[in-house]
Amino acid sequence: MKRILSTVLLSSVILTGFPGIVLAEEINKPDLYKLSDTISYDVSAAISTTWPDHVNEDIVITNTGSNPISDWYLTFKVPCSIDDILEASVFETDNNGTYSIKCADWNRTLQPGATVTVGLTLSSNEEGVNYIPEWYILSEGAPAYDLTSDTDANGNPDYLDFIGRGTSADVTPTPEGTSTDDPTVTDTPTVTDVPEVTNEPTVTDEPTVTPVITEAPEDEMPPSPVDDPQYYMRDRDGDGLLDYLEDMYMTDPDNKDTDGDGLLDGDEININTNPRVGDTDGNGISDYEEDFDGDGIHNGGEYATGTCMFAYDSDYDGVNDHDEIYLYGIDPRNEDTDSDGIKDGDELTLGLNPGSNDSDSDGITDDLVTFDQSLSMSTIEDDHPHEITSVKISGNISGLITSNTRIEDTYNSDFYCTDVYGRVGVPINIESEGHFESMTLTIGYDESLLGDTDESKLGVLWYDEESGFFVEQEQAVVDTENNTITLTLNHFSSYVLVDLDKWNNPILPEDTNYIFEAIEGGGYIANSYLPTVEEEEENAWRCWRFPQPQMIKLETISATCEHEAECVYSFYYTWLVMNPTDNDKDGLPDAMEQTGMLGSNRCIYYSSPESEDGDGDGLKDSEELGVVYTISRCSDGKHVYIRLDNEIVYKSETGTIEEDSQYYVLMDRFNMVEPGRTLSFCVPYSDAKKIDSDEDGYNDAEDARPLVENEDLIYIFTAPGSCLEHSKHIKERYEQHNLKACLYKFTSFDSFKYAWDGIGLSFDYYFEGTKPYGDKYYYNAKNVVVFTHGYSTYIDMGNDGEFLSINGVQYEKYPENPVNYKYISDLTNKKIESLNLYSCLTGRNYDKYNSVAECFLHTFRGIKQVIAPDTVLYVGNERFFFMRYGMIITVSDEEYTQYEKNDNSKGELICLKCDNYKEYDNPEGFLVFTKGDYNSIIKRNVYEDDVYTGDMYVLPDSKGEGYLVFDYKPWNDSYHDPIID
């Protein structure tokens, strides 16, 4: 009879090599000593686990008094060696069994009624390690005594004299909780030996048979039940390790904790411990009691606290999990426990209480409390202008400024600010979520790099995003001695240092001829009918425009009539006229497009008079040039007209723009227009001469901000459970590499599709459900990571039993299956530079079907490449690993109990490599799929050094027999991630 090796192996692992559990009573009631009457305490100790020559022992210290105990030290004697210690550290030892231990940072203060448990691993050469200290000395601030001093030279250390255990003691203190009599030494009872097993199962000798690997047919993939398409998704025991992986790791798919150490099998794989052995590293501390992430909470304790056993700081708020729970009493899984908008770690840095949104109870929530802080911009890139040497903001602002505020050099990423006429150095963008009334901006400059710019004429412009105008900051003060410019701000935005002489005297477009002034006059003797002024004006206009039929009258400036005789009239008219020729019908006169318009950044923007979309980017020229203003001043010097998109919005006969007008902000442009002249300028949406104005890879028609380069963003879409935990870890790793990332959890196809549809859009889509820019791209989807379970033809959509499948495959192959399959083609086409499928097997073809990776690439033209594993992918301790395995090796009962000996004196291990993975697509872990042309897929391999093969081998027992085990090779310490590496 054949049986699955993992099932056979499991019983062997459970029955062998597991330390016996001894739950001991407290062996004696210890004597307790103290240096100060202000403290009161109790100590108890108990043995939890024993194995040959070793014991795990817990010492529980309780503050039974009414005062806190701070910076505590505990001295005691136990005739053993301390091999390991948890929740404290060894401060001193006399190397003869006496120890002084010191508190850890996170438990340095014991409040009244509080306890701390110190875990010790003790060892001794003596048979049967079962010692528990008979006495303790507790002190604050420093150890009670050093362990070597003998002040009275009586041959006994001072600490023994202090407790009356020496031969010539001074005044003996009263032990805590005992009488004034000398403490009685209680004999340590002997622990009864564990009965030996008198009989062992007899194994019937069988002919030596080497286990045989069952070969897979050449043209088949690794077996999976054809009637069960969910085979690669099932986790029967809910331990986080899928059933097919349980087969590989030789764990029990019906037992959450195969080795019985208290940790789920899936969690053990995640933290690199062996799910078949209770103490993987053999150091005497069970995997349950180890602290993998070093946060002060042992692995098993992470279950009780709801924290992550492979994350030192589960919520990434800057406070480790232990301190959040035991020191501050805040939520270790919520970065903002009190929901005041400030991360817990930031609140501690600022001296606030992360457990209260009003730390001082003054009625003002912490998010409005300001602190005097400053922030400086990082170093300017080498290939950027370096006239500006430093940028600093300082003042009172709420929250931690290093977390909620950033200063950016936006040279050649914000093209509109970069192109400001007269700019000096790099443009600067400042953004903050903090609350402030005013802040000081200080810009340092290098005088030697100013060229022909007079440093006394330096100024700062603020970019008003709402109007699109640049506004000079008249409050800026230039300090030519210290080479700084300082100004006070009550808001943050983009700022540009400029040469004011250049800014105020820009190069203007060539003289325009599409709007100008026409004057008509004349006189005649009327007949019996006397015409009105309006009739005469219209008749005169028709005559005047005859030789220039393209001209149209925009406005009559004046119409007068003079009486020279009873029937003699003289008419005089002044018109503002325009050449409206618009051959491309884009709403802009040809003359305006040819001569160009002055942008609000004082650069000239042109467009094509021959096509309504001159650059072919999908936007009309009139849309690209945005809002167009025209200022006209008549030759009389009094009449002023302002047009907005060819509609008159302002008139004046005073020769200026009145201060109470909303158009007074145009006075600096007005001053550029001489009497009898016209000037048009625009607040451009994009550059009508460029398909991609900001050169970020998005055509202006699909770009939310065509003049500002879209910021790279990594999208991480993750299923719940361990995938979510690892995704948080990976996101943190990306951000450590200065890569901006966002994470969204999905639990169904609908929630996945919602997240997918938001790719590239502004965050308002996710947080407010709105689209301020429609479906235009605000971010560059540099990488989209999908982190969930998967297979060659589908990926898991979370908890609702839904699967995202290759188009049409699942319905065709399993029409009767009740599983809810959705198709990749149900998603929206998105522009993605790299789609990273961190899901098992999604890069491997199945039968006649393409892989999930290829389906994404074929279905959506917007995806440039897909990265996916063509084998089993696992993530552990922040690293990716790939496993080549195809079939579970089956052996007979006879084969299981035998192995071949190469040496009669000892059993030599025979390795049987589980390397039956079929070499389809040259499997090497991650494959990169790119488009040669639309109908061909180009694949290349990455990180082949990550692929490892597990070994099947025979482990001999004391009788020279053995059993088969699966031993995966040690994982590489390097972190291989296609995004980072």
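**Entry 1: the chain as a whole**

First thing to write down: this is a predicted model. I looked up the length and found 981 residues, with buried residues making up 51% of them. For secondary structure I noted 20 helices and 49 strands. I also checked how far apart in sequence the contacting residues are. Taking contacts with a separation of 6 or more, 64% are between residues 24 or more positions apart.

I looked up the confidence next. The average pLDDT for the chain is 80, and 78% of the residues score at least 70. A reminder to myself: where pLDDT is low, the predicted coordinates should not be read in detail.

**Entry 2: empty space inside**

Rolling a probe the size of a water molecule over the atoms shows where empty space is left. How many cavities of 30 Å³ or more are there? I got eight. The largest cavity has a volume of about 200 Å³, so I went through its lining, going by the rule that a lining residue has an atom within 4 Å of a cavity point.

There are 16 lining residues, and those nearest the centre are Cys723, Phe787, His789, Leu873 and Tyr874. Which elements each supply at least two residues of this lining? I wrote down helix H15 (722–736) and strand S41 (872–876). By type, the lining of the largest cavity splits into nine nonpolar residues, seven polar ones and no charged ones.

**Entry 3: cysteines**

I went looking for disulfides, and the count is zero. Cysteine 840, for one, is in no disulfide: the nearest cysteine sulfur belongs to cysteine 723 and is 9.0 Å away. Cysteine 840 counts as buried, at 8% relative accessibility. Cysteine 80 is buried too, with a relative accessible area of 6%.

Then cysteine 308, which sits in the loop between H5 and H6. Is cysteine 308 buried or exposed? Its relative accessible area is 4%, so it is buried, the cut-off being under 20%. Setting aside neighbours within four places in sequence, cysteine 308 is in contact with Asp293, Asp295, Glu302, Ser314, Asp321, Arg333 and Glu725. I also checked cysteine 308 against aspartate 267: they are 41 residues apart in sequence, and their C-alpha atoms are 9.7 Å apart.

Not counting residues up to four places away, cysteine 603 touches Asp419, Tyr421, Met597 and Leu598. From cysteine 603 to tyrosine 416 is 187 residues along the sequence, yet 9.3 Å in space, C-alpha to C-alpha.

**Entry 4: positive phi angles**

I picked out two residues here. Asparagine 95 has a phi near 60°, a positive value in a residue other than glycine. I found asparagine 95 in the loop between strand S8 (88–93) and strand S9 (98–103), and at 71% relative accessibility it counts as exposed.

Tyrosine 316 also isn't a glycine, and its phi is positive at about 55°. Tyrosine 316 belongs to the loop between helix H5 (299–305) and helix H6 (321–327). Buried or exposed, then, for tyrosine 316? It is buried, with a relative accessible area of 19%.

**Entry 5: a glycine in a loop**

One more loop before I stop. Glycine 341 lies between H6 and helix H7 (344–350). Glycine 341 is exposed, with a relative accessible area of 68%. I also looked up its distance to glycine 399, which is 58 residues away along the chain: the two C-alpha atoms are separated by 8.3 Å.

How values were computed:
Residues numbered from 1 in each chain as written. Predicted model: local features only at pLDDT ≥ 70, side-chain atom pairs only at ≥ 80, totals over all residues. Heavy atoms only, no water. 1 Å grid on protein atoms, 1.4 Å probe; cavity = no way out; pocket = protein on both sides within 12 Å on 5 of 7 lines; lining within 4 Å. Points joined across faces, edges and corners; volume = space filled by probe spheres on them. Helix = DSSP H or I, 4+ residues; strand = E, 2+ residues; numbered from the N terminus. Nonpolar A, V, L, I, M, F, W, Y, C, P; charged D, E, K, R; others polar. Buried < 20%, exposed > 50% of the residue type's maximum accessible area, 1.4 Å probe, protein only. pLDDT = per-residue confidence, 0-100. Disulfide = S-S within 2.5 Å. Contact = heavy atoms within 4.5 Å.
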